[in-house]
Amino acid sequence: MAGGIVLLSVMLLFLDPLVAIPLHGVIQLVSNSSRTVIQRQHVRWPIIGSYCLLLLPMSVVGLEIAEALSPSVARILIGLFVLVATWAPSLLLLGSHPERTDPHRRFLLLGGVVGMVQMTVGATGPLIAPFFLNLGLSRQSIIGTKAASQALGHVTKILVFGFAGFAFAEHALMLTLLCGMVVIGTWLGSRILEYVSERWFTRIFKAVLTLVALRLIAWEALGFLDLVPPG
């Protein structure tokens, strides 16, 4: 649950955003592709068709924005996004009501928004989740279609960063290890989950996200203060 946000937040403690975000895209592609394959019979492909139309062009726009941001500002923005997604996810809808919108238009616009946002804040799972509700989809269709949407977003992210000159090959060892750990973590986590109560799961989940987000924001804010001359 929200593993992509946790992973990206931790990676940002060690890497610049313009390095962490494309690497994160490769790792999350492995995760979401596996779920898509498992639920492939339940994926609603017309939704994917609408979703992908604006995804690529808006990803290009998003990269321009990301490159204009300093690493410190990007980390703070991602930290704030994590806090909002954790404690006030309804704010991510920005006043919209997806249940009242035609599904084609809903996912056409969502793809455009995700294309831009995924290049700047990286993890967009909490942003897109509400848009899959109120469609009469089974839980398998929700999981499969959402995973396919996110996998497509990660493919787009990888392509855009690749064309922009990002050297994925230089990080091959790290990517191999992290992708392997994603598979192991999914297997192990599914078993640990059986022994964690609903109450403690929610508490641990929110606590981890909050602490990592506050660490990002506070660290970068202190860096800004160090740059401000006295008096």
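The secondary structure here comes to 10 helices and 0 strands, where helices (H or I, at least four residues) and strands (E, at least two) are DSSP runs numbered from the N terminus. Reading along the sequence, you get α-α-α-α-α-α-α-α-α-α.

A quick word on the source: this is a predicted model, in which local features need pLDDT of at least 70 and side-chain atom pairs count only at pLDDT 80 or more, while totals for chains, interfaces and linings use all residues. Residues are numbered from 1 along each chain as its sequence is written, and side-chain values use heavy atoms, with hydrogens and water left out.

Now, the protein as a whole. It has 231 residues, and 42% of them count as buried, meaning under 20% relative accessible area with a 1.4 Å probe, protein chains only. Taking contacts (heavy atoms within 4.5 Å) with a separation of 6 or more, 83% come from residues 24 or more positions apart.

Let's look at one helix pair together. H3, residues 45–52, packs on H6, residues 103–117, at an angle of about 45°, with the axes 6 Å apart. Those axes are lines fitted to C-alpha atoms over the stretch in contact, and angles run from 0 to 180 degrees between N-to-C directions. So H3 is oblique to H6; angles under 35 degrees count as roughly parallel, over 145 as roughly antiparallel, 65 to 115 as roughly perpendicular, and the rest as oblique.

Which residues of H3 and H6 make the contact? From H3, they are Ile47, Ser50 and Tyr51; from H6, His104, Phe107, Leu108, Leu110, Gly111 and Val114.

Conventions: Buried < 20%, exposed > 50% of the residue type's maximum accessible area, 1.4 Å probe, protein only.
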